[in-house]
Amino acid sequence: MKSILWIKSLVMCCMALLVSTSTQAQDKSMLWSRQVNGQLWLDTDGNHINAHGGNIIRYGKTYYWYGENRPYSGGSTEAGISVYSSQDLMTWKNEGVALATSTEAGHDIQRGCIMERPKVIYNKKTRKFVMLFHLELKGRGYEAARVAFAVSDSPTGPFRFIRSQRIHANQWPFDMDEAAIRAAQQTDASQWKEWWTDAWRREVEKGMYLWRDMKEGQMSRDMTVYVDDDGKAYHITSSQENLTLLVSELTDDYLDFTGKYNMVAPGGQNEAPCILKHKGTYWLICSGCTGWSPNEARMFSAKSIWGPWQQHPSPFVGVAQGNHEMPANKTFGAQGTYIYKMNGKPVFMADIWNPRHLSQSLHLWLPIEFDAQGTPVIRWKDHWTH
């Protein structure tokens with residue numbers, strides 16, 4: 001009888017343990033089962049996802065999310081570039097640091113540098129994962145304005161740093177004719193102590209900063225990378241003191257520039273570029289330059305990636321709800337980082353920056369819809385099914 005009672009007791013304990021474990025697992029799963037815009041997004045460890053300014057790729061059946069690993073305080077990079085993995089775009093596992101900072105003094109990515117806007121793309125020819133990002137050298141603020149390259153055999157890394165550089169030294173945009181080049185060569189940026197006047201802006205549009213940086217190479221700050229339908233990849237970056245966007249063609253291995261590039265909206269002061277292609281039209285969504293403060297997004301379209309680009313009103317409509325009641329003319333309090341197609345439908349990825357505690361900056365993902373004319377429209381949603 002005692003043995004029977006003991007067995008019954010053991011069974012009841014096991015059942016209770018299973019129920020408790022199941023309940024805990026269910027409670028934990030609730031942490032990340034729904035991503036709500038304007039709130040913390042938790043990974044499978046229960047920590048806010050620390051991947052900012054980055055992008056998502058799919059490799060096999062797994063999604064990989066890359067981004068800036070930001071410190072709780074301060075603006076420099078201490079750890080490097082984060083990577084998370086998911087099977088469903090909802091449950092994200094922290095895979096650690098894909099590209100770590102260096103402890104070597106004087107190294108381009110020495111701990112304490114600034115690594116921003118990482119973008120990873122997969123090269124089908126070389127079977128390599130290629131990372132490009134905006135790099136600022138340690139102790140030099142935002143003076144260096146470089147693009148950096150890294151490569152890996154695995155989507156989770158470790159990525160191997162290759163180099164950082166200014167871009168297109170001694171190269172003119174491919175579509176600038178001789179007259180336009182001569183006009184740019186007549187400008188002199190050192191003479192302009194007062195910015196934002198009409199006369200100064202006309203000089204900028206002529207290519208004043210393009211000419212100023214011709215020998216050293218063009219600046220590259222906020223950036224994205226786009227792979228077109230034919231496998232060609234393009235680097236799009238904010239250049240010339242954040243006044244002009246550059247579109248540049250990458251080599252077939254995605255590890256360098258071919259030298260072919262042009263300018264978009266000279267003097268327009270656009271940054272944080274995001275790009276998508278819909279029914280043969282390229283759409284470029286950018287932000288203005290107001291530091292960490294949100295501003296109204298800008299949008300451009302073109303039939304070719306080389307332009308000409310036509311500007312449109314901001315695609316954002318309505319008012320954000322919940323913790324961040326921001327109107328459309330503030331991009332719902334966010335700044336774009338990437339446009340990713342989920343199940344064939346484009347999604348605008350953005351950061352709601354928290355400059356006091358950058359690691360706690362919030363994520364914003366919103367589906368991009370299209371009106372009757374085929375123009376992108378982005379409306380606020382608290383949450384939605386991917």
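Is Trp 41 buried or exposed? Trp 41 is buried, with a relative accessible area of 2%. The model is predicted.

**Aromatic pairs**

The structure holds 23 aromatic pairs. Two of them are listed here.

| Pair | Centre to centre | Angle between planes | Geometry |
|---|---|---|---|
| Trp 41 and Trp 65 | 6.3 Å | 70° | edge-to-face |
| Tyr 66 and Phe 159 | 6.3 Å | 90° | edge-to-face |

Trp 41 and Trp 65 count as edge-to-face because their planes stand at 70°, and the cut-off for that class is over 60 degrees. The pair links distant parts of the chain, 24 residues apart. Trp 41 sits in the loop between α1 (2-32) and β1 (52-59), and Trp 65 in strand β2 (residues 62-68). Trp 65 is buried, with a relative accessible area of 2%. One aromatic cluster takes in Trp 41, Trp 65, Trp 92 and Trp 365.

Tyr 66 also lies in strand β2, while Phe 159 is in the loop between β7 (146-152) and β8 (160-165). Their pair therefore ties together parts 93 residues apart in sequence. Tyr 66 and Phe 159 are buried.

**Helix α3**

In helix α3 (residues 198-206), the buried residues are Trp 200, Glu 203 and Val 204. They lie on the same side of α3 because they cover an arc of only 105° around the axis. These buried residues pack against α4 (208-212). The face turned away from the buried side carries exposed Asp 198 and Arg 202. Gly 207 follows α3, with a positive phi near 110°.

**Cavities**

Searching the whole structure gives five cavities of 30 Å³ or more.

Terms used:
Residues numbered from 1 in each chain as written. Predicted model: local features only at pLDDT ≥ 70, side-chain atom pairs only at ≥ 80, totals over all residues. Heavy atoms only, no water. 1 Å grid on protein atoms, 1.4 Å probe; cavity = no way out; pocket = protein on both sides within 12 Å on 5 of 7 lines; lining within 4 Å. Points joined across faces, edges and corners; volume = space filled by probe spheres on them. Buried < 20%, exposed > 50% of the residue type's maximum accessible area, 1.4 Å probe, protein only. Helix = DSSP H or I, 4+ residues; strand = E, 2+ residues; numbered from the N terminus. Arc of directions from axis to C-beta. Contact = heavy atoms within 4.5 Å. Phe/Tyr/Trp six-rings, centres within 6.5 Å; stacked < 30°, edge-to-face > 60°.
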